[in-house]
Amino acid sequence: MATEWARVEPERLAGALGGRRVDESLLTWLESSVERLPGLANTSPQECADLLGAAMRVTINLLGTARYDEPTGRRLRTVLAQAAQSAAWLHFDQGRHASAQRHWRTALHSAHSADDRDLGAGVLSDLAYSATWLGHPGEAVEILALARTRTRHATARSLLDVRRARALAVLQDDAGTARALNDAELQLERGRTPSAPPWVSWMSSADLAVDAGRCWLDLEDPRRATAALEEGLGLLVPERERTRAIMLTYRAHAALASHDVDAAVADTRTALDTALGTGASRCLDLVRSTLRESLEPHKGETAVRDLRSYARQRLTSVRA
């Protein structure tokens with residue numbers, strides 16, 4: 001990124017911020033940087049958050065002070081929407097839900113101003129996911145119904161459908177969940193082209209599998225949940241560690257539902273180590289609740305006692 005910055009020349013940014021026209025190479029660099037920054041979230045979340053914040057401030061200043069034509073203005077607003085959306089996820093992962101909501105609102109407003117319907121629908125789907133995670137699945141279903149009418153790309157529709165499945169599963173709608181998962185799979189197959197919007201280019205069969213696994217867990221079908229989660233873990237690329245930690249925790253829950261305490265302990269231990277490596281509060285909180293609540297009925301078993309002792313040591317060393 002530093003090498004590219006040198007090629008762009010800081011004077012171009014200074015000039016645009018001073019009221020001159022936005023240079024095409026500056027705009028292209030800003031777009032590509034914001035698209036790639038989320039890749040840092042798995043290894044350097046704080047640095048990623050700082051860079052996204054800087055990108056948002058620069059883009060807002062360019063929109064306010066630089067000269068640009070209408071197409072350039074739309075591109076700048078899209079950059080702002082993408083940066084705000086990525087920042088929202090970082091805040092959400094850290095449990096900073098009010099801040100995440102503010103960033104998602106910024107992203108939604110910017111996507112609307114840029115007339116980017118797919119990106120706007122994607123932000124709505126993020127808000128729906130947040131609503132389901134925080135215990136408001138009915139609200140999520142309403143948001144997703146609105147977002148689905150605004151999408152153009154099949155991959156975007158796949159993401160909306162899988163998040164609709166998650167909300168319907170929490171609402172114990174078996175048939176609706178199955179239909180939504182089937183729709184998500186069909187749309188993902190149709191959308192496998194290089195034209196997928198950058199904000200949803202990460203969507204894969206692994207993501208579909210992990211959400212299907214969570215759905216079957218909520219619908220009290222641990223056998224199908226385990227099968228989906230094992231498929232997802234096999235497909236997941238190595239750098240998706242936050243997703244891996246969540247998958248492993250869900251598989252531990254499925255093992256407990258199938259009365260396999262040893263498997264649950266093994267997955268929870270690996271999930272803890274993985275979550276600690278990511279530093280994501282959302283992942284750690286999910287593991288902690290598994291240790292504190294899900295494994296509580298088995299607290300007398302040696303494997304569970306050993307795991308809790310190990311977890312206390314690991315978590316204490318992190319706080320220290």
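Author: What follows sets each label against its value; the model is a predicted one.

Reader: Why are α4 and α5 called roughly antiparallel?

Author: Helix α4 covers residues 45-65 and helix α5 covers residues 70-93. They pack at about 155°, with axes 9 Å apart. Angles over 145 degrees count as roughly antiparallel. The pair is therefore roughly antiparallel. The crossing of α4 and α5 is left-handed.

Reader: Which residues make that contact?

Author: From α4 they include Cys 48, Leu 52, Met 56 and Leu 63. From α5 they include Leu 76, Leu 80, Ala 84 and Leu 90. By class, the contact of α4 with α5 has 15 nonpolar residues, three polar and one charged.

Reader: What makes α9 and α10 roughly antiparallel or roughly parallel?

Author: Their axes cross at roughly 165° and come within 8 Å. The cut-off is again over 145 degrees. So α9 and α10 are roughly antiparallel. Their crossing is left-handed.

Reader: What is the make-up of the contact of α9 with α10?

Author: On the α9 side, Ser 158, Asp 161, Val 162 and Leu 168 are among the residues involved. On the α10 side, Ala 180, Leu 181, Gln 187 and Leu 188 are among them. The division is nine nonpolar, five polar and five charged.

Reader: How do you know whether Gln 187 is buried or exposed?

Author: Gln 187 sits in helix α10. Its relative accessibility is 8%. Buried means under 20%. Gln 187 therefore counts as buried. Leaving out residues up to four places away in sequence, Gln 187 touches Arg 148, Ala 154, Thr 155, Arg 157, Ser 158 and Asp 161.

Reader: What makes a set of residues a nonpolar core?

Author: Its members are buried residues of the listed nonpolar types, joined through side-chain atoms within 4.5 Å. The largest such core here has 57 residues. Val 162, Leu 181, Trp 216, Tyr 250 and Leu 272 have the most contacts inside it. Helices giving at least two residues each include α9, α10, α14 and α16. The most comes from α13, with nine residues.

Reader: Which residues is Leu 272 in contact with, beyond its neighbours within four places in sequence?

Author: They are Leu 284, Val 287, Tyr 310, Ala 311, Arg 314 and Leu 315. A second, separate core has 40 residues, including Leu 26, Leu 80, Leu 124 and Tyr 129. Leu 80 is also one of the α5 residues in the contact with α4.

Definitions and conventions. Residues are numbered from 1 along each chain as its sequence is written. This is a predicted model: local features need pLDDT of at least 70, side-chain atom pairs count only at pLDDT 80 or more; totals for chains, interfaces and linings use all residues. Side-chain values use heavy atoms; hydrogens and water are left out. Axes are lines fitted to C-alpha atoms, for helices over the stretch in contact, and angles run from 0 to 180 degrees between N-to-C directions. Helices (H or I, at least four residues) and strands (E, at least two) are DSSP runs, numbered from the N terminus. Angles under 35 degrees count as roughly parallel, over 145 as roughly antiparallel, 65 to 115 as roughly perpendicular and the rest as oblique. A crossing is left-handed if the near helix is turned anticlockwise from the far one by less than a right angle, and right-handed if clockwise. Contact means heavy atoms within 4.5 Å. Ala, Val, Leu, Ile, Met, Phe, Trp, Tyr, Cys and Pro count as nonpolar, Asp, Glu, Lys and Arg as charged, and the others, Gly among them, as polar. Buried means under 20% relative accessible area, exposed over 50%, partly exposed in between (1.4 Å probe, protein chains only).
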